[in-house]
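Below is a short report on selected local features of one model.

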Amino acid sequence: MTEQTGDNAAPEGPRYPDLVERIVNLAKRRGFIFPSAEIYGGFRSTYDYGPLGVLMLRNVKDAWWRSMVQLRDDVVGIDAAILSSPKIWEASGHLDNFTDPLVDCRNCHERWRADKIDGVCPNCGSKDLTEPRAFNLMFKTFAGPVEEDATVAYLRPETAQGMFVNFLNVVTTTRKKPPFGIAQVGKSFRNEITPQNFVFRTREFEQMEMEYFVPPDEADTWFQYWLEERMRWYLDLGIPESKLRLRHHESDELSHYSTATADVEFLFPWGWDELEGIANRTDFDLKAHAAKSGEKLEYFEQSTGERYVPYVIEPAAGATRTMMAFLLSAYDEDEVGGENRTVLHLDPRLAPYQVAVLPLSKKDELMPLARQVLGLLQPVAVCDFDTTQSIGRRYRRQDEVGTPYCVTVDFDSLQDGAVTVRDRDTTEQVRVPIEGLAEEIAGRLRR
Ligand code: GAP
């Protein structure tokens, strides 16, 4: 496992100095991510996920769910409400503590996070800044038609509290005993002072969080365990080891609820930055909600008659931010047959399409067979069906969005009952009988 080296420098110079811009352009051009409300000039760093983006983001979330819930017998899922009672945020400490230090530049009137700018306005260079003041990041709204104190509600700034307030519901209904976890994937909202770097920091984003409830004396062991598990997840899905590290928080950096936190960091084009925080949240949240609600949020161990409040180890990742990291690390440009191509070397589990079925020509003779091949493959893979332009152009287009396999149906296919399967990374082409094609592709995708 890569531990923090202390410096903030890239191990090697970036291959594409303007990589973020290239990804932003590709994302827009190919339907991954659009600026939101674009026809009205956009809306404050919000983004819409297009046809390919929605597929890829779902793949990121599914890969997380599979590893955190499906392949385990100690973690269950929930989907809690986004709109939530102020009592939750009073108890959790978010109403008092979930703030960033805000400063105004007296010269150009831009607003900044004081902890990110070293006392100099990044816009105009002035040092004439106001004193920092605490700015709460939660979005406040009103539930119902009357805007008064009694109807105040908040959009959740993290999914985690949904797991704490449902602790008893889950224990009672599933009979899980510590160590066990509750996982959730969903939208969170923070009124970030400076959203930036495309979907890296936005006001509306998706999180993938799991609260792992453990006996207090096992907390350190499980903290270590989850650091390793989570690093493995990113590596397994194709983030290179040289671009991933763990950074342990200094004590003055810890959140109000945590005694130990480490960030999984990715080497973004602007330097190392956070993908996920893994925290020992102690018994802070369960105790805080127990005190406020009057409910006993404890675990009762029948075999020993012991009652205790579990500690919580929390791996908390961002789905949208992680999708950006996968795009950045998959991007490449190379030359194939004397022609330049852009290629996303995405893991097949993350690629929007796993297979593209391409009839060599739009002529009527090929279409029925091509559609038949598509029908055979759709149950085993997410497929695109592309009939436009030359076959070379179509290969390039599929490479650019990371489709691992292209299946070409040509005139020989009518005679020999076989198709050409082309590999995105090696560009190697092999002839495969249509009978058995679905198994062949499913096998390649499982590898
Ligand atoms: N429950 C703990 C928690 O929310 P966090 O470190 O504030 O911890 C977890 O958030 C992850 O959520 C971050 O590591 C990041 O990937 C993602 N995230 C947080 N704020 C974000 C934002 N404004 N835009 C995109 N992703 C964000």
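T388 is partly exposed, because its relative accessible area is 35% (buried means under 20%, exposed over 50%, partly exposed in between, with a 1.4 Å probe and protein chains only). The model is predicted: local features need pLDDT of at least 70, side-chain atom pairs count only at pLDDT 80 or more, and totals for chains, interfaces and linings use all residues. Residues are numbered from 1 along each chain as its sequence is written, and side-chain values use heavy atoms, with hydrogens and water left out.

T388 sits in the loop that links β21 (383-385) to α11 (391-400). Helices (H or I, at least four residues) and strands (E, at least two) are DSSP runs, numbered from the N terminus. Neighbours within four places in sequence aside, T388 contacts R394 and R397 (contact means heavy atoms within 4.5 Å). The T388 side chain also makes a polar contact with the side chain of D386, at 2.9 Å. A polar contact is a pair of N or O atoms within 3.5 Å; within protein, one must be able to donate a hydrogen and the other to accept it, and residues adjacent in sequence count only if both atoms are side-chain atoms. P359 is 29 residues from T388 along the chain, and their C-alpha atoms are 9.3 Å apart.

Q389 is partly exposed, with 43% relative accessibility. Its phi is positive, about 65 degrees, although Q389 is not a glycine.

## The five-stranded sheet

Which strand order does the open sheet have? The order is β21-β20-β22-β23-β24, with mixed pairing. Strands β21 and β24 (429-433) are at the edges; each has a single partner strand, so one side of each lacks a neighbour in the sheet. On average, neighbouring strands are turned by 25 degrees against each other, direction ignored.

Strand β20 (residues 355-359) pairs with β21 in the parallel sense, over three bridges (two strands pair if DSSP finds at least two bridges between them). V357 has F385 of β21 as its bridge partner. Helix α11 packs on this sheet and touches β20, β21, β22 (405-409), β23 (418-423) and β24. The direction of α11 makes about 170 degrees with that of β20. Axes are lines fitted to C-alpha atoms, for helices over the stretch in contact, and angles run from 0 to 180 degrees between N-to-C directions.

Helix α11 also holds E400. E400 counts as buried because its relative accessible area is 12%. Residues up to four places away in sequence aside, E400 touches L26, R29, R30, T342, V343 and L344.

## The ligand site

The ligand is surrounded by 21 residues (a residue is near a molecule or strand if one of its heavy atoms lies within 4 Å of it). The closest are E158, E192, T202, E209 and E274.

## Helix α8

Helix α8 (residues 284-293) has these buried residues: D285, L286, A288, H289 and A290. Their cover includes α3 (86-92), α5 (160-165), α6 (167-174), β11 (204-214) and β14 (271-282). Just after α8, G294 has a positive phi of about 80 degrees.

## Hairpin and backbone details

Strands β18 (residues 331-336) and β19 (residues 339-344) run antiparallel and are joined by six bridges. D334 has R341 of β19 as its bridge partner. Two residues lie between the strands of this hairpin, where G337 takes a positive phi near 55 degrees.

Most residues other than glycine have a negative phi, and most peptide bonds are trans. S45 has a positive phi, near 55 degrees, and is not a glycine. S45 lies in the loop between β1 (33-35) and β2 (47-49), and is partly exposed at 27% relative accessibility. The peptide bond from P178 to P179 is cis, with omega near 0 degrees. P179 belongs to the loop between α6 and β10 (180-189).
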